[in-house]
Amino acid sequence: MGKWEKQELDLPNNILSYVREGGRERERERKEIIILMAMEGEREWDESTRSGEEADMVEEIQRVIESMVQLGEYRRTQRKECHNLVRRFKLMLPLLEDLRDLPPPISQNGVVWLTKLRDALLSANDLLKLCSQGSKIHLAMENESVMIRFQKVYEKLSQAFDDVPSEELGISDEIKEQLELMHVHLRRARRRTDTQDIELAMDMMVVFSDEDDRNTDSAILERLAQKMDLHTVEELNVETVAIRNLAAERKGQQAESTNRIIGLLNKFKRIVGMEETSVVDDPTTPKTLERCKSLVIPYEFLCPITLEIMTDPVIVASGQTYERESIEKWFQSDHNTCPKTRQPLAHLSLAPNCALKNLIEEWCEKNNYKLPKKYDPSGKGSGSMENKEEIPSLVESLWSVHLEEQRKAVEKIRMISKENPENRVLVAKHGGIPPLVQLLSYPDSKIQEHAVTALLNLSIDEGNKKIISQEGAIPAIIEVLEKGNCVAKENSAATLFSLSMLDEIKEIVGQSRGIPPLVDLLRNGTIRGKKDAATALFNLSLNQANKGRAIRAGIVTPLLQFLEDVNLGMIDEALSILLLLVSNSDGRQEIGQLSFIETLVEFMREGTPKNKECAASVLLELCSSNSNFILAALQFGVYEHLIQIKESGTNRAQRKAIAILDLITRSEQI
């Protein structure tokens with residue numbers, strides 16, 4: 001049966017009789033009617049199909065929004081932005097209910113708008129998934145580029161709501177009001193102030209610096225681990241998997257960035273006593289250990305702590321199996337819980353899992369896989385175990401009346417608390433902090449140096465910070481900062497930085513007059529001392545009251561001098577502290593001189609990318625508070641440098657340049 005015959009059979013009877021009665025002279029009319037009816041049928045099919053597609057699009061939009069709302073926990077570095085974005089999405093749900101109730105078909109303008117909205121939401125969904133499931137270290141490193149992605153999402157959403165065809169879609173007045181409110185929120189989000197965590201950015205800068213030789217063992221690592229929620233075995237295992245996924249996505253590209261991420265991950269692992277693990281395949285692996293890429297180690301063969309194949313699996317009281325060496329380190333770090341279930345253990349006895357060990361050995365033999373040899377049951381050469389047994393007697397020696405015995409004990413505690421987190425806990429547990437605090441006031445300069453450095457190392461442990469402060473150590477540390485030898489002063493500054501990670505201690509240091517001697521060290525110390533003082537002062541100046549104290553202590557003058565001494569290598573540190581101080585009215589008055597504006601413009605012209613970024617940030621803060629600073633900057637030729645930064649600067653520098661250009665445009669319109 002042909003096409004037209006089928007169409008004819010589908011026609012109503014009255015039309016069929018009409019065309020049949022006309023004979024040959026009506027043949028042309030007959031064909032025209034059949035064609036018209038066929039076209040009408042196709043049009044009805046098109047509209048039916050389009051209505052189905054529109055309904056599917058509304059359903060898809062709703063699914064995307066609901067999935068975003070249910071994503072759950074986000075990485076701390078972007079958590080606030082994610083929650084703000086999701087909160088705005090929730091306002092859209094009533095709109096979708098209205099759209100689902102609309103009779104088909106939706107107008108062409110409505111379809112275009114739905115498509116634009118869907119595309120914006122899909123971009124937002126991808127971003128929220130990254131912030132929920134991506135590597136925390138990677139997200140912290142790329143915080144500025146991630147913030148740019150948030151801005152682009154807001155721009156897409158705002159554009160989608162610029163011209164909603166409300167009348168054509170039959171949207172109710174109540175929903176219109178909600179849409180207008182949402183549009184206001186979206187425009188405000190695009191113009192929001194910089195929400196970057198300056199403290200986190202400063203810490204990342206120090207940790208990844210190739211010049212700071214203390215970046216591997218300083219308290220900054222502990223601080224970063226806390227800020228990124230990477231201070232438990234479970235969190236670090238999840239991060240390891242996320243980094244493996246990131247490395248797989250990059251497929252060997254951006255190798256330097258990936259290696260830096262892996263390096264920081266392993267530093268965090270050392271803090272909690274975990275073994276370092278190879279996150280990605282190492283091309284230098286000996287051929288005897290090479291294996292086919294398709295070889296996948298069964299998950300049950302991997303230790304839940306290290307995620308490495310087990311050589312000596314043992315069972316704990318909860319019934320979970322771990323590598324013996326890993327779980328023993330966990331117990332030695334004063335834990336009495338199961339790392340996987342988090343439940344308290346009835347006892348800490350370990351039972352060999354012989355059945356699993358046999359299975360692992362059989363699998364290795366079958367797949368020609370060599371097990372690494374790690375565990376030494378004899379414990380020979382285990383300096384950590386010797387230190388653990390030695391700690392009680394060392395603490396007792398700190399109370400000795402014999403000077404030489406005290407000196408040896410405090411020096412030994414300084415050494416063993418430097419690298420091992422377990423030793424930091426044990427020294428405090430056995431009462432080592434009170435005598436160390438007392439030794440800070442001892443007239444022997446070397447004992448002072450050892451004591452304050454030991455407290456610096458102990459303060460890396462979060463619990464020890466409060467104990468050190470409660471023992472009245474801060475005034476004594478400040479006294480060493482004022483009167484101690486060169487090394488003691490530097491380490492006193494570093495200790496104040498470490499302790500002031502707790503907000504309440506920031507205020508205690510300020511009230512105890514700790515800021516003037518830090519400013520003095522900033523002015524007159526060695527290069528190492530200046531950097532220690534700068535780091536401490538940056539951290540302390542996050543407290544509003546301490547900003548005024550630092551300004552009154554004369555911090556601005558040495559900071560401005562650092563901007564002139566390029567060889568010192570402290571330009572970015574100085575600008576970062578000045579950025580905090582310009583939010584204080586006294587700080588703006590002292591900092592905002594014409595010569596300083598000219599210096600900022602010079603950095604924006606010929607500084608490093610990081611210099612330009614920091615200088616633009618300070619200039620934006622100044623210009624936002626007083627239009628006279630805009631005129632001064634224009635006088636020194638800032639406009640062309642802003643255009644250049646907008647085109648080729650770092651992500652953050654581009655944002656600052658755009659914001660300053662916007663201020664300039666608005667000031668010209670007044």
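The axes of helix 26 (residues 515–524) and helix 27 (residues 527–540) come within 8 Å and cross at roughly 140 degrees. The model is predicted, and local features need pLDDT of at least 70 while side-chain atom pairs count only at pLDDT 80 or more. Residues are numbered from 1 along each chain, and side-chain values use heavy atoms, without hydrogens and water.

**Exercise 1.** Work out which handedness the crossing of helix 26 and helix 27 has, and how the residues of the contact divide.

*Solution.* 
- Step 1: the crossing is left-handed, a label for a near helix turned anticlockwise from the far one by less than a right angle.
- Step 2: look for contacts (heavy atoms within 4.5 Å). Helix 26 brings residues including Leu 518, Leu 522 and Arg 523, and helix 27 brings residues including Lys 530, Ala 533 and Leu 537.
- Step 3: the residues of this contact sort into 10 nonpolar, 2 polar and 2 charged.

**Exercise 2.** Find the aromatic pair and say which geometry it has.

*Solution.* 
- Step 1: ring centres must lie within 6.5 Å; planes under 30 degrees apart are stacked, over 60 edge-to-face, and the rest tilted. The count comes to 1 aromatic pair.
- Step 2: Phe 301 and Trp 363 are 6.0 Å apart centre to centre with 75 degrees between the planes, making the pair edge-to-face.
- Step 3: Phe 301 sits in the loop between helix 14 and strand 1, Trp 363 in helix 16, 62 residues apart.
- Step 4: buried means under 20% relative accessible area. Phe 301 is buried at 7%, and Trp 363 is buried at 14%.

Definitions and conventions: Axes are lines fitted to C-alpha atoms, for helices over the stretch in contact, and angles run from 0 to 180 degrees between N-to-C directions. Helices (H or I, at least four residues) and strands (E, at least two) are DSSP runs, numbered from the N terminus. Ala, Val, Leu, Ile, Met, Phe, Trp, Tyr, Cys and Pro count as nonpolar, Asp, Glu, Lys and Arg as charged, and the others, Gly among them, as polar. Buried means under 20% relative accessible area, exposed over 50%, partly exposed in between (1.4 Å probe, protein chains only).
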